[in-house]
Amino acid sequence: MSGISRRQVLIAGALFAGAAAIGARGAAQAGWFGLGSDDTGPVYTGLVDGVAVGGYDPVAYFTQGKPVEGSRDFTATHRGAEWRFASAANRDAFLAEPEKYAPAYGGYCSWAIAEGKLAKGDPKNWDIVDGRLYLNYNDAIQKRWRADVPGFISKANGNWPAIAEK
């Protein structure tokens with residue numbers, strides 16, 4: 001191939017596959033690049049706690065730019081999971097716009113979803129991309145994720161509808 005690298009061909013193929021999946025399921029459901037809605041499917045609540053985002057306040061990532069532990073004094077139920085917040089104001093902001101603050105893919109590891117698998121998302125391994133919170137499994141996976149965030153989001157968006165139905 002003259003002028004086109006193997007990587008470019010692979011990226012183009014992944015984007016095409018993601019676009020095809022989105023066309024089949026609808027852009028709003030698939031959440032193209034985190035701008036739509038992926039508020040269907042399971043929410044990762046851990047094996048012991050039963051609390052979304054490991055008990056961390058999902059609003060704080062946006063307002064304080066870091067993970068902040070939520071309190072049992074400020075909780076809400078959304079999509080069958082308990083969510084904890086650092087303040088009543090954060091809880092109320094979440095309840096007003098849960099799709100804005102809830103992590104993509106139910107808080108499961110975004111990189112794993114891109115690989116077609118389910119793995120826990122760690123609230124300390126996070127990124128906000130285009131106004132959407134993404135969690136990853138650990139530091140090593142976070143590093144892999146950051147090597148091609150748009151590509152992994154595209155793949156994850158294509159994979160999530162089928163994973164969410166399981």
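Leaving aside neighbours within four places in sequence, W111 is in contact (heavy atoms within 4.5 Å) with N136, I141, R144, W145 and F152. The model is predicted; local features need pLDDT of at least 70, side-chain atom pairs count only at pLDDT 80 or more, and totals for chains, interfaces and linings use all residues. Residues are numbered from 1 along each chain as its sequence is written, and side-chain values use heavy atoms, with hydrogens and water left out.

W111 also belongs to the largest nonpolar core, which has 20 residues. Such a core is a set of buried Ala, Val, Leu, Ile, Met, Phe, Trp, Tyr and Cys residues joined through side-chain atoms within 4.5 Å. Buried means under 20% relative accessible area (1.4 Å probe, protein chains only). Y105, W111, I113, Y134, W145, I153 and W160 touch the most other members. At least two residues of this core come from each of α6, α7 (139-146) and α8 (149-165). Helices here are DSSP runs (H or I, at least four residues), numbered from the N terminus. The largest contribution, seven residues, is from α8. A second core of 16 residues is separate; V43, A52, Y101 and L133 are among its members. In soluble globular proteins, nonpolar side chains tend to be buried together.

Most residues other than glycine have a negative phi. Y105, however, has a positive phi near 55°. Y105 sits in the loop between α5 (98-101) and α6 (110-114). Y105 counts as buried because its relative accessibility is 1%. V53, also not a glycine, has a positive phi of about 55°. The loop holding V53 runs between α2 (27-30) and α3 (60-63). With 6% relative accessibility, V53 is likewise buried.

Note on methods: Buried means under 20% relative accessible area, exposed over 50%, partly exposed in between (1.4 Å probe, protein chains only).
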